[in-house]
Amino acid sequence: MSDEVKTAEEIAQDYTAMGHSVDLINGIIDGTQMVNEEAEDRQSAVDRNVEHLELMVDKDYWTDESMTSVNAAITAGKAYTAS
């Protein structure tokens with residue numbers, strides 16, 4: 001883990017981007033996102049976004065940001081198999 005120095009604005013942008021990944025993972029799983037895409041593409045999107053969240057949640061610059069929805073999306077994404 002590196003000691004990244006980020007501004008409060010950059011941290012907020014990272015947290016917002018994580019929220020977008022959470023929304024996409026949950027949307028694919030619940031059938032509201034990427035509904036017309038092939039199963040392989042949906043699976044790939046979930047896998048990429050889970051990987052992104054796993055990398056981001058380990059950053060050392062978080063303070064009081066809640067990671068509850070992030071961790072839930074990681075767990076759900078890992079359990080997801082597109083069909």
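Me: What makes Thr68, Thr75 and Ala79 count as exposed, and which face of H3 carries them?
Reply: These three residues lie on the face of H3 turned away from its buried side. A residue is called exposed when its relative accessible area is over 50%, buried when it is under 20%, and partly exposed in between, with a 1.4 Å probe and protein chains only. The exposed label of Thr68, Thr75 and Ala79 therefore places each of them over 50%. This is a predicted model, in which local features need pLDDT of at least 70, side-chain atom pairs count only at pLDDT 80 or more, and totals for chains, interfaces and linings use all residues. Residues are numbered from 1 along each chain as its sequence is written, and side-chain values use heavy atoms, with hydrogens and water left out.

Me: Why is Ile74 called buried?
Reply: Ile74 has 9% relative accessibility, so it counts as buried. Ile74 is found in helix H3, where Val70, Ala73 and Gly77 are also among the buried residues.

Me: How do you know on which side of H3 its buried residues lie?
Reply: The buried residues of H3 are Val70, Ala73, Ile74 and Gly77. They cover an arc of only 105° around the axis, which puts them on the same side of H3. The arc is that of the directions from the helix axis to the C-beta atoms. In general, an α-helix has 3.6 residues a turn, so residues three or four places apart point the same way.

Me: What makes a stretch a helix here, and how many helices does the protein have?
Reply: A helix is a DSSP run of H or I with at least four residues, a strand is a run of E with at least two, and both are numbered from the N terminus. The protein has three helices and zero strands, and its elements run α-α-α from the N terminus on.

Me: What makes the crossing of H1 and H2 left-handed, and at what angle do they pack?
Reply: A crossing is left-handed if the near helix is turned anticlockwise from the far one by less than a right angle, and right-handed if clockwise. H1 passes H2 in a left-handed crossing. H1 (residues 8-30) and H2 (residues 39-57) pack at an angle of about 145°, with their axes 9 Å apart. The axes are lines fitted to C-alpha atoms, for helices over the stretch in contact, and the angles run from 0 to 180 degrees between N-to-C directions.

Me: What counts as a contact, and which residues does Ile74 touch?
Reply: Contact means heavy atoms within 4.5 Å. Leaving aside neighbours within four places in sequence, Ile74 is in contact with Val50, Leu53, Glu54 and Val57. The axes of H2 and H3 come within 9 Å and cross at roughly 145°.

Me: How are the residues of the contact of H2 with H3 divided by class?
Reply: They divide into seven nonpolar, two polar and two charged. Ala, Val, Leu, Ile, Met, Phe, Trp, Tyr, Cys and Pro count as nonpolar, Asp, Glu, Lys and Arg as charged, and the others, Gly among them, as polar. The contact of H1 with H2 has twelve nonpolar, three polar and two charged residues.

Me: How do you know that the buried residues of H2 line one face?
Reply: Seen down the axis of H2, its buried residues fall within an arc of 160°, so they line one face of the helix. Among them are Val46, Val50 and Leu53. The buried residues of H2 pack against H1 and H3, whereas the face turned away carries the exposed residues Glu40, Arg48 and Leu55.

Me: Why is Met34 called partly exposed?
Reply: Met34 has 26% relative accessibility, so it counts as partly exposed. It is found in the loop between H1 and H2, and its phi is near 55°, a positive value in a residue other than glycine.
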